[in-house]
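Reader: I would like to learn how to read the features of a structural model with some care. Could you take me through them in turn, giving the general idea and then the case at hand?

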Amino acid sequence: MRKALNLILLIVALGTVMLVLREYEFGNTNSVFQPKSLAATGFILLAAFSIGEFFKLLNIPALLGYIAAGIVFGPNFFAALNAWGGIESIPEVLFSKSVISDLTLINVLTVGVIGTMGGGELILEDIKQNLKAIVLVVALIFAIALPATAVAVLWVARDLPQYLPFLTGLSIEHHYAAALLFGVFAVAMSPAATLAILQETRAHGRFTSLALGVVIVADLVLVAAFLLAFAFDKILLAPEGFTVALLVAELPKIGAEFGYAILLGVATGAVFIAFLRFVRQRSLFFTIAIIFITSAISVKLHAETLLAFLTAGFMVQNFSKHGHDMIRALEKISLPVFMIYFMTQAAQLDLQAVAGFAVITAILTVVRAGALYLGATLGTHWAKSESPTNRYLWVAFFSRGGVDLVLAAKVASSSLPWGVEFQTVIMACVVVHIMIGPPLLKLALDWSGETEDARRQTAEEAEAFEQLPAVNVSTVGESFPTARFEDPELSARVTELRALLVDLHRDH
């Protein structure tokens, strides 16, 4: 029976991979993967891994090493140096645009790994415990970041137009449309970077669960808000003008994307549970196959792919006994997938264009940081989640890059006259946040005491404390003479304090 199931799985997986390769033929007329591209990717992976390990020795997240490798070996780094006068000629780069194009399928695999692992990290008991805090934090960040960012963009467009030149000369409707989209993108976070740091630091605990829950929910809110805002902008800029009826007509399409995603996620989770229960063998091969199958179906249904995988991972973790097995199977492929994903994202950054929008990027970054701080602080306070580690929570949300880059590309490919420049500003913001976000998240996890290093340090301190020589409690009591002041009330209060001090020493 098991051999028959394995044979069926092999046939289905191979057939599906062939169909997916055909579905995602990104303009390559010969084949999806070129031998030179695979060889170049192998060398770059070794370099990225080495840089990441070196960064870890400096107590810097390895994720930044992968990003650095993507930038240095990418097609835009030397072009930027040449434009800035740093070099005389541009050498041929290893991580060229053709190599990046050949690796586009990795993005499909990455979304599956991120979504399924993210859903698998959402344990129902932890969600119940943190649900109020997660909802309030996300809602407040959204309620603060969107209008604050939109107002900042409108102010810059009116009073400092040289920093938003692509809006100069356009109607006020275009200003409102761009401001709305910038406001929506201020909510963007990075499940990919968050999961990569959690995996690297092996963090777990209440703070980790709360931070991951906020990041994942915020990205879902980002997708829903983007679809609404994008539809609103197209109607606002339409020749016939904005009407509520046109906006309402778009709502069923948006609802269908989320509805199909949840149904597809439930079906994928059920298949995953059945495999882990009855087959178990070749879990790595099955995991890759099921990710491509779900992605292909999601494309056909126009479903929200990330939500589908989140639902699948959540199902396996909370409605079966195989959550650990699923996470373990995903961890086998997560490191190379994350490495290639962040390398390709970094390599595609237009460094020259990013530098040209430094001022607006700084303004958007400061506004977003303020919104994160206020949203996290007020949200945890109103949720009565008064853990001392919550004061570090807002620091855990700085990372960006992933879903927002995909959505920004959608804006760039639209008919909006400022779509390409909008994408460039978003990419500039991602550059800043992907550089400072992972180190800040690692610091927040260390401060909360939930990383492997922090747990090890706590254990060592406890062991050292246990080795201290015991102190005689009576000796401690004798070292504090009884209070004998002229004021009897003062003597009584000091005596109470003396008793408390002796009790504390005895207890601890």
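Author: A nonpolar core is then a set of buried Ala, Val, Leu, Ile, Met, Phe, Trp, Tyr and Cys residues joined through side-chain atoms within 4.5 Å. This is a predicted model, in which local features need pLDDT of at least 70 and side-chain atom pairs count only at pLDDT 80 or more, while totals for chains, interfaces and linings use all residues. Residues are numbered from 1 along each chain as its sequence is written, and side-chain values use heavy atoms, with hydrogens and water left out.

Reader: Which residues have the most contacts inside the largest nonpolar core?

Author: They are Leu181, Phe226, Phe342, Phe397 and Trp418, within a core of 135 residues. The largest share of this core, 17 residues, is supplied by helix H10 (residues 206–236), where helices (H or I, at least four residues) and strands (E, at least two) are DSSP runs numbered from the N terminus. Over the chain, 48% of the 508 residues count as buried, and the secondary structure comes to 21 helices and zero strands.

Reader: What does Trp418 touch, leaving aside residues up to four places away in sequence?

Author: A contact means heavy atoms within 4.5 Å. With those sequence neighbours left out, Trp418 touches Phe166, Leu167, Leu170, His174, Ala177, Ala178, Leu181, Asp233 and Val411. For the chain, among contacts between residues at least 6 apart in sequence, 81% join residues at least 24 apart.

Reader: How many aromatic pairs does the structure hold?

Author: Rings of Phe, Tyr and Trp (its six-membered ring) pair if their centres lie within 6.5 Å, and planes under 30 degrees apart count as stacked, over 60 as edge-to-face and the rest as tilted. The structure holds 13 such pairs. The rings of Phe275 and Phe286 have planes at 5° and centres 3.9 Å apart, so this pair is stacked. Because Phe275 lies in helix H11 (residues 244–278) and Phe286 in helix H12 (residues 283–301), the pair ties together parts that are eleven residues apart in sequence. Phe275 is buried at a relative accessible area of 5%, and Phe286 is buried at 6%. Elsewhere, ring pairs link Phe182, Phe185, Phe226, Phe230, Trp418 and Phe422 into a cluster.

Reader: Is helix H13 mostly covered or mostly uncovered?

Author: H13 is mostly covered, with twelve of its 14 residues buried, including Leu306, Phe309, Phe314 and Asn318. To judge the length of a helix, one takes an expected span of 1.5 Å times one less than its number of residues. Helix H13 (residues 305–318) reaches 20 Å from its first C-alpha to its last, close to the 20 Å expected. In the loop between H12 and H13 sits His302, whose phi is near 60°, a positive value in a residue other than glycine; at 60% relative accessibility, His302 counts as exposed.

Reader: Is Ala346 buried or exposed?

Author: Ala346 is buried, with a relative accessible area of 3%, and lies in helix H14. Ala346 touches Ile67, Gly70 and Ile71, not counting residues up to four places away in sequence.

Reader: What is the volume of the largest pocket?

Author: The volume is about 1,300 Å³. Of the 42 residues lining this pocket, Val111, Gly402, Val403, Val406 and Leu407 are the closest to its centre. H17 gives the most to the lining, with six residues.

Terms used
Buried means under 20% relative accessible area, exposed over 50%, partly exposed in between (1.4 Å probe, protein chains only). On a 1 Å grid over the protein atoms alone, a cavity is a set of points where a 1.4 Å probe fits but cannot get out, and a pocket is an open set with protein on both sides within 12 Å along at least five of seven lines; lining residues have an atom within 4 Å of a point. Grid points are joined across faces, edges and corners, and a volume is the space filled by probe spheres set on the points.
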